[in-house]
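Here's a quick briefing for anyone meeting this structure for the first time. Have a look at it, then read on.

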Amino acid sequence: MSHDPDHDHQGLDHEDHDHPPGQRHPFQPDLEDGPYTWHMALTDAIEQLLLAKGILRPEQIRRTLEDIDSKSPALGARLVARAWVDPAFKARLLADVNAAAAELGIDAGPIPIRAVECRPGEHHVVVCTLCSCYPRLLLGAAPDWYKARAYRSRVVREPRAVLAEFGLELGPEVAVVVHDSTAELRFMVLPERPAGTEGWDEERLAALVTRDCLIGVARPTVPSA
Amino acid sequence: MRRHHDMGGLPAGPVERTEHEHAPWEKKVDAILRLLVAEKVMTLDELRRGIEELGPGAYDELSYFERWIRSIANILLEKGVITVHELATAIEAARARRAAAEACPKTVPAP
């Protein structure tokens, strides 16, 4: 069990050190995370300096951490599911993802995102070769491999081989289009609606759309009954 | 000439598909960066330039958020938002706080 930051210090002495009366620990170490590295200390040091200088406020940091945790690929999946059932929405999504997301109450941020549509014979996949640009307001945090050398280097030169490593084998009849993201323009993939989903509602459809489908390294599949 | 971060099209090994949940300190780096951008203290382009300036060795040896916090530190120093002395002192203070916290009993009896 980890150290409980909310425990009562009145009745339980901390033997070798004191806290000011009524104060909790100023800081909650995640002791199970392993050693306190130099970069962790650097992070805490910068946070403390920015707070001390009044450049940032503690509640801003807390709110931002909550916001980071609230983003997930479920947001992108909702856009895809709506596009599958509503052709007019799909047209608006392809024209302007950020505006279409706002229709569903989803904040896609100020940086433009473009949806690229998979069709029969045409598959799309997204990368950022120069760094790690990613539509995180619609997809949450990028996976480690998206930010790593192998994917960034290879997917633009041998996308079929890379997709095959993800288990997505595309025949020669399927063209593969690779989109290289930048700080000014990011991409999300609008996958093809799988067969066998006729009559499904949006919620059920959205559950088929994984993060990897939105990056383009997977296709939505209907679980076999 | 191609710089080290410009890796599109170069040969590389298989895609390593293991993933990790971001640790609390990594999320904190992310939050600090977002807020510094929102408060117009620095820009995303400056973050990226700072990462690229770490050089090829650091770029490949450090983890993703280690590169970020180093870049953030360097940009803040460069802009004069913080000084080297303040940073060194704050790092020592952070280590001391951690050491004190780790000296606490890890569990306490239920009240």
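B:I32 sits in helix α1 of chain B; helices here are DSSP runs of H or I with at least four residues, strands are E runs of at least two, and both are numbered from the N terminus. The model is predicted, so local features need pLDDT of at least 70 and side-chain atom pairs count only at pLDDT 80 or more, while totals for chains, interfaces and linings use all residues. As for labels, residues are numbered from 1 along each chain as its sequence is written, with chains lettered from A and ligands numbered from 1 in the order in which they are written.

- B:I32 is buried, with 23 other C-beta atoms within 10 Å (buried takes 20 or more other C-beta atoms within 10 Å of the residue's own, exposed 12 or fewer, and partly exposed is in between, with C-beta atoms placed from the backbone).
- Setting aside neighbours within four places in sequence, B:I32 is in contact with A:I46, A:E47, A:L50 and B:I72; contact means that the C-beta atoms, placed from the backbone, lie within 7 Å.
- B:I32 and B:I72 are 40 residues apart along the chain, yet their C-alpha atoms are separated by 8.9 Å.
- The helix α1(B) covers residues 24-38, and its 15 residues should span 21 Å at 1.5 Å a residue, which agrees with the 21 Å between its end C-alpha atoms (the expected span is 1.5 Å times one less than the number of residues).
- Buried residues of α1(B) include B:W25, B:V29, B:L33 and B:L36.
- Those buried residues pack against α1 (38-52) and α2 (58-70) of chain A, and also against α2 (44-52) and α4 (64-78) of chain B.

- B:K40 lies in the loop between α1 and α2 of chain B.
- Phi of B:K40 is near 60°, a positive value in a residue other than glycine.
- Is B:K40 buried or exposed? B:K40 is exposed, with 7 other C-beta atoms within 10 Å.

**Where the chains meet**

- 57 residues of chain B are in contact with 57 residues of chain A.
- On chain B, the elements giving two or more residues to the side that touches chain A are α1, α2, α4 and α5 (84-102).
- The top contributor to that side is α5(B), with 12 residues.
- That side of chain B divides into 32 nonpolar, seven polar and 18 charged residues (Ala, Val, Leu, Ile, Met, Phe, Trp, Tyr, Cys and Pro count as nonpolar, Asp, Glu, Lys and Arg as charged, and the others, Gly among them, as polar).

**The cores**

- The largest nonpolar core has 43 residues, and A:V80, A:V125 and A:V189 are among those touching the most other members (a core is a set of buried Ala, Val, Leu, Ile, Met, Phe, Trp, Tyr and Cys residues joined through C-beta atoms within 7 Å).
- Helix α3 (residues 73-85) of chain A gives the most to this core, with seven residues.
- A second, separate core of 27 residues includes A:L42, B:L33, B:I72 and B:I91.

**A strand in chain A**

- Five of the five residues of strand β4 (residues 186-190) of chain A are buried, so the strand is largely enclosed by the rest of the structure.
- On one side of β4(A) are A:R186, A:M188 and A:L190, on the other A:F187 and A:V189, and all are buried.
- Strand β1 (residues 113-117) of chain A pairs with β4(A) in the parallel sense over five bridges (pairing takes at least two DSSP bridges between the strands).

Technical notes: Two residues are in contact if their C-beta atoms, placed from the backbone, lie within 7 Å.
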